[in-house]
Amino acid sequence: QVQVVESGGGLVQAGGFLRLSCAASGRVFRLNAMAWSRQAPGNQRELVATITSGGSTNYADSVKGRFTISRDNAKNTVYLQMNSLKPEDTAVYYCNANVYYSGTDWSYWGQGTQVTVSS
């Protein structure tokens with residue numbers, strides 16, 4: 001089994017910053033792509049940023065230039081640095097980890113961490 005645990009959410013004023021962390025533990029044989037998604041009340045889950053095992057990144061247009069995804073492969077951890085936060089960034093942020101095992105990528109999700117940006 002693989003456990004994925006997010007941390008770092010909280011309440012921040014508009015223009016502020018937060019750093020989210022996500023650690024994968026357990027039977028992590030090989031950690032491939034990792035990603036952050038978010039879901040605001042009444043909205044569908046939105047993919048925010050992805051990072052491959054080699055460090056290639058992609059971002060949603062809504063966060064480009066403000067958010068940075070990074071990872072520490074030695075710690076099986078991915079981070080999301082969020083700067084210049086806006087009220088519309090308010091959501092539950094979820095981490096996704098893809099673990100390669102026996103020829104297949106297995107996808108695991110964390111429980112989410114709340115980010116609230118006040119105006």
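How many disulfides does the count come to, if a disulfide is a pair of cysteine sulfur atoms within 2.5 Å? By this rule the count comes to 1 disulfide. The structure is a predicted model, in which local features need pLDDT of at least 70, side-chain atom pairs count only at pLDDT 80 or more, and totals for chains, interfaces and linings use all residues. Residues are numbered from 1 along each chain as its sequence is written, and side-chain values use heavy atoms, with hydrogens and water left out.

The disulfide is formed by cysteine 22 and cysteine 95, with an S to S distance of 2.0 Å. Cysteine 22 belongs to strand E3 and cysteine 95 to strand E9, so the pair ties together parts that are 73 residues apart in sequence. The link of cysteine 22 and cysteine 95 is left-handed, with -80° about the S-S bond. Both cysteine 22 and cysteine 95 are buried, where buried means under 20% relative accessible area, exposed over 50%, and partly exposed in between (1.4 Å probe, protein chains only).

The secondary structure of the chain comprises 0 helices and 11 strands. Helices (H or I, at least four residues) and strands (E, at least two) are DSSP runs, numbered from the N terminus. The radius of gyration of the chain is 14 Å, close to the 14 Å that the globule rule gives for 119 residues, so the chain is as compact as a globular protein of that length. This radius is taken over C-alpha atoms, and the globule rule is 2.2 Å times the number of residues to the power 0.38. The C-alpha trace spans about 45 × 25 × 25 Å along its principal axes. Of the 119 residues in the chain, 39% are buried.

An open sheet is formed by 4 strands in the order E1-E3-E8-E7, with antiparallel pairing. Strand E1 (2-7) and strand E7 (67-72) stand at the edges, each with a single partner strand, so one side of each is left without a neighbour in the sheet. From one strand to the next, the twist averages 15°; axes here are lines fitted to C-alpha atoms, for helices over the stretch in contact, and angles run from 0 to 180 degrees between N-to-C directions. Within this sheet, E3 is joined to strand E8 (residues 77-82) by 6 bridges, and the two run antiparallel. Leucine 20 has leucine 80 in E8 as its bridge partner. Two strands pair if DSSP finds at least two bridges between them.

Strand E11 (residues 113-118) pairs with other strands in both senses. With strand E2 (residues 10-13), E11 pairs in the parallel sense over 4 bridges, and valine 12 has valine 117 in E11 as its bridge partner. With E9, E11 pairs in the antiparallel sense over 3 bridges; here tyrosine 93 stands opposite threonine 113. The covered face of E11 consists of Thr113, Val115 and Val117, whereas Gln114, Thr116 and Ser118 form the uncovered one.

A pair of aromatic rings is described by the distance of the centres and the angle of the planes. The structure holds 1 aromatic pair. The ring centres of phenylalanine 29 and tyrosine 101 are 4.8 Å apart and the planes lie at 25°, so the pair is stacked. Under the rule applied, rings of Phe, Tyr and Trp (its six-membered ring) pair if their centres lie within 6.5 Å; planes under 30 degrees apart count as stacked, over 60 as edge-to-face and the rest as tilted. Phenylalanine 29 is in the loop between strand E3 (18-26) and strand E4 (30-39), and tyrosine 101 is in strand E9 (residues 91-101), 72 residues apart. Phenylalanine 29 is partly exposed at 48% relative accessibility, and tyrosine 101 is partly exposed at 40%.

Arginine 45 takes part in contacts with two rings. Its charged end sits over the ring of tyrosine 94, 3.7 Å from the centre, and arginine 45 also lies over the face of tryptophan 109, at 4.9 Å from the ring centre. A charge sits over a ring if NZ of Lys or CZ of Arg is within 6 Å of the ring centre and within 35 degrees of the ring normal.

Methionine 34, in strand E4, is buried at 1% relative accessibility. The C-alpha atoms of methionine 34 and asparagine 98 are separated by 6.1 Å, although the residues are 64 apart along the chain. Glutamate 46, in strand E5 (residues 46-51), is partly exposed, with a relative accessible area of 29%. Glutamate 46 and glycine 16 are 30 residues apart in sequence and 21 Å apart in space, C-alpha to C-alpha.

Key:
Disulfide = S-S within 2.5 Å.
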